[in-house]
Amino acid sequence: MQGGIDLYKTSLELANAIAKAADDKKARDVVLMNMTELSPATDYFVVCSANSTTQVKAISDNIEEQLHEAGHDMLHREGYREAEWVLLDYGDCVAHIFLQESREYYSLESLWGDAELTVYED
């Protein structure tokens with residue numbers, strides 16, 4: 001958090017807020033991957049798919065806006081210009097917004113196959 005009051009008390013609450021912001025822009029196949037036992041870098045990956053690069057950007061923008069309004073600013077962003085795979089690093093949670101073909105290619109769910117997966121449902 002960089003200034004203001006952070007409304008998310010746990011990394012799971014943060015992951016759910018990211019998932020909700022993605023879902024608000026019609027992201028597909030939103031999953032939370034529990035990384036607490038697998039990675040010292042982050043507690044959760046939130047992974048979702050989009051139908052177009054325009055939708056990838058819209059999902060990314062909405063996540064940034066919603067979390068900023070809640071007092072939780074992003075640490076780092078990658079891939080926004082190409083919008084095939086946007087990574088938003090929030091420390092305890094990392095959002096991965098994929099163009100569907102890129103998600104299939106990189107297959108984070110398989111790569112991190114030991115992670116506990118939770119399908120996001122609003």
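Contact here means heavy atoms within 4.5 Å. The model is predicted, so that local features need pLDDT of at least 70 and side-chain atom pairs count only at pLDDT 80 or more, while totals for chains, interfaces and linings use all residues. Residues are numbered from 1 along each chain as its sequence is written, and side-chain values use heavy atoms, with hydrogens and water left out.

Q: Among contacts in the protein chain between residues at least 6 apart in sequence, what share joins residues at least 24 apart?
A: The elements of the protein chain run α-β-β-α-β-β-β-α-α-β from the N terminus on, with helices (H or I, at least four residues) and strands (E, at least two) taken as DSSP runs. Among contacts between residues at least 6 apart in sequence, the share that joins residues at least 24 apart is 60%.

Q: How many disulfides does the rule count?
A: A disulfide is a pair of cysteine sulfur atoms within 2.5 Å. The sulfur of C48 has its closest cysteine sulfur in C93, 13 Å away and therefore too far for a bond. By this rule the count is zero.

Q: Is C93 buried or exposed?
A: Buried means under 20% relative accessible area, exposed over 50%, and partly exposed in between (1.4 Å probe, protein chains only). Since C93 has 0% relative accessibility, C93 counts as buried.
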